[in-house]
Structures are given as structure tokens and as C-alpha cells.
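Here is a short briefing for a first look at this structure.

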Amino acid sequence: MSTLSIAIARSPMRPRRVLLVLLGLAAVVLAAFFAALAAGEVAAGPRAIFDALRGQPDDMAATVVAQLRLPRAMAAFGCGGLLALSGALMQVLLRNPLADPYVLGISGGAAVGALSALLLGLATPWVDGAALAGALLSMFAVFGIARGSGSWTQTRLLLTGVVVASGCGALVSLLLALSPDRALRGMLFWLMGDAGAADRPWLVLGVLILGVLASLPMARELNLLARGERHARALGVDTRRVATIVFLLASLLTAAAVTAVGAVGFVGLVVPHLLRLVLGNDQRLLLPASALGGGGLLLIADTAARTVVAPLQLPVGVLTALIGVPLFLWLLSRHPR
């Protein structure tokens, strides 16, 4: 029996427990959101934050919150939630608790598209469009090659994704080698993540909400699929249809997140796995919890990235790794199985 199957068997979902877990995560997210709005070179108190949220900033602090920190915090939360939700779906799809949403080359395709646009000196909307186009091309390439002339398997899909990701990595290295010095810093920041560059935070949050709403109706089928494809098919699950939908949905969520903030790593791997160790693997709880936990983690990391060494700004992807790795190792030491 796989690790995911054992987790399901040991953790029946109780409605009261689900409510308490989700409320606890929501409280952490709200605290992180308030800290993100308050922290910075220009300190903002509760009054300034309240004025900014009402849409009536009447001093410098409230204006900074409304125009700079609020959109950035919304984008960080939305993209973190997208990456973690995508990671949870990928881990069920591949039946591997250490699968990452970037493992299928979606991030690499987005990076090739974005860096190509940056190398050509195109404006931000074109960079975003090129990143999205690259992500979608990679998604269809992986799915088409893995499927071939017949059906695909988890192993074939994973191997195809790894090969496509390696090819995209080589193209990224080539683009960096060809780029002039003046463009290198922007390219490197995009590769390591920059929530400050996201200019449509409401769109990111909307995609996250749609992703959660689209994935929750499949929670029962995903629970059965995690126990094994043969077991799920015996219980009436159309495993090919579910697997195809999960792959497309997880890829689109990853593409949306990468397009908005760049290639932020570790969120999609760490958050679902940590929550699974603590809460079990019932997708009815894990999927919304991953969205909240991933959003909270990236929100905390982005706040630290812009305040720890202010006025300098650190790449948020570096902070997610520095936060996630110790947490991951600590929880693994407490749950060695």
C-alpha cells in the first residue's frame, strides 16, 4: 500500500475537525495579510490600513498600502495558493507525495517565454503573455508526447515532463548567456520570483477560487485514485477522465501562478506534503487547506523578502526555500514513516 493510501486509511474526515483546521489556517492567513500591509519603510497602523481597505486613503501610509502593499499581498496569497493546490493535485495524479507542480515542465516553458520577451525588450503585458503561452505550449507538448498514439501512464507522463523541463532549462541558460548585462537582473528576479511585478491581483485570486471550486467536486474520485488506479476503477471511477482533468487543471493553475510572479519554487512541494503529514490525505480537507496554507506561506515569504534587508529586495523564491526547508525537515523527523 502506498504512502498516500496509508494516509487516507488513517485519517477519516470529521466535519468539526475540517472546520477547525480551515478556520485556523484562515486566521493565520489574516494575521499574515495584516502584517504584509503594516510592514515596510513607511509604517502603517490599523487606521491607515482601514482607510486603504475602504478605498479612501487620506495620508501617505494609507496611500502606500492601497497602491503598493495591498495588490502585492493579494498577488502573493493568490499565487501561493495556486502553487500549493497544483502541488496537491499533482501528488495525487502521480501518486507520489514528493511530486512538484514544476515537475512536468510548465514552469520551464513559462520561463522560456518570459525571458525571450525580456530579451527582446518587450513591455510587461507582453512578458506575461509570453510566459503564459510558453507554459501552455509545454503543457500540451508534455500531454501529447506522453499520450502518444494511445493511453498514458504516470511513469510515462513523469518522464516526459522531466525531459521537457530539462530542455526548457537548457533554453533558459542559453537566453541568459545571450542577454545583455542591463537585462540580466530583471531576468534573474523573474526566475527567482517577484510578487511586486504582478499587476492583476484580482485575476490571480479569481483563478484560485475557480481552481478550488473545480477541484473539490473531484475529491472523492481523487481519494480513490490515490489508493490505486485498479482500486478506483473497480469502484466505478473513470480514471482516465479524472487523471486528464487533474493534469490539465494543475497545469493551468501552475501556469497562472508562474505568469504572475515568476518561478517561485518549493511552495507546491512543501505545503501539500506538510499538511498531509499533519492532517492526512483526505482531499476534501487537503485541497482547500493547501490553497490557504500555500497562500499564507508565500505571503509571509514576500513580506520578509521586501523588509528583511530593506531598501533592498530579496527574490521571494529564495525566502520560500529558506522557510520551507527547515519546516519540511522538522516535520519529516517527527513523522519518519
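The points below are grouped by topic. The model is predicted. The disulfide count is 0.

- Phe266 sits in the loop that links helix 12 (239–261) to helix 13 (267–279).
- Phe266 is partly exposed, because its relative accessible area is 25%, between the 20% and 50% cut-offs.

**Helix 13**
- Helix 13 is mostly covered, with 11 of its 13 residues buried.
- Among the buried residues are Val267, Gly268, Leu269, Pro272, His273, Arg276 and Leu279.
- The 13 residues of helix 13 should span 18 Å at 1.5 Å a residue, and the end C-alpha atoms are 17 Å apart, so the two values agree.

**The cysteines**
- A disulfide needs two cysteine sulfur atoms within 2.5 Å, and the count by this rule is 0.
- Cys79 is in no disulfide, and its nearest cysteine sulfur, in Cys168, is 20 Å away.
- Seen from Cys168, the closest cysteine sulfur is that of Cys79, and 20 Å is too far for a bond.
- Cys79 is buried, because its relative accessible area is 0%, under the 20% cut-off.
- Cys168 also counts as buried, at 9% relative accessibility.

Notes
Residues numbered from 1 in each chain as written. Predicted model: local features only at pLDDT ≥ 70, side-chain atom pairs only at ≥ 80, totals over all residues. Heavy atoms only, no water. Helix = DSSP H or I, 4+ residues; strand = E, 2+ residues; numbered from the N terminus. Buried < 20%, exposed > 50% of the residue type's maximum accessible area, 1.4 Å probe, protein only. Expected span 1.5 Å × (residues − 1).
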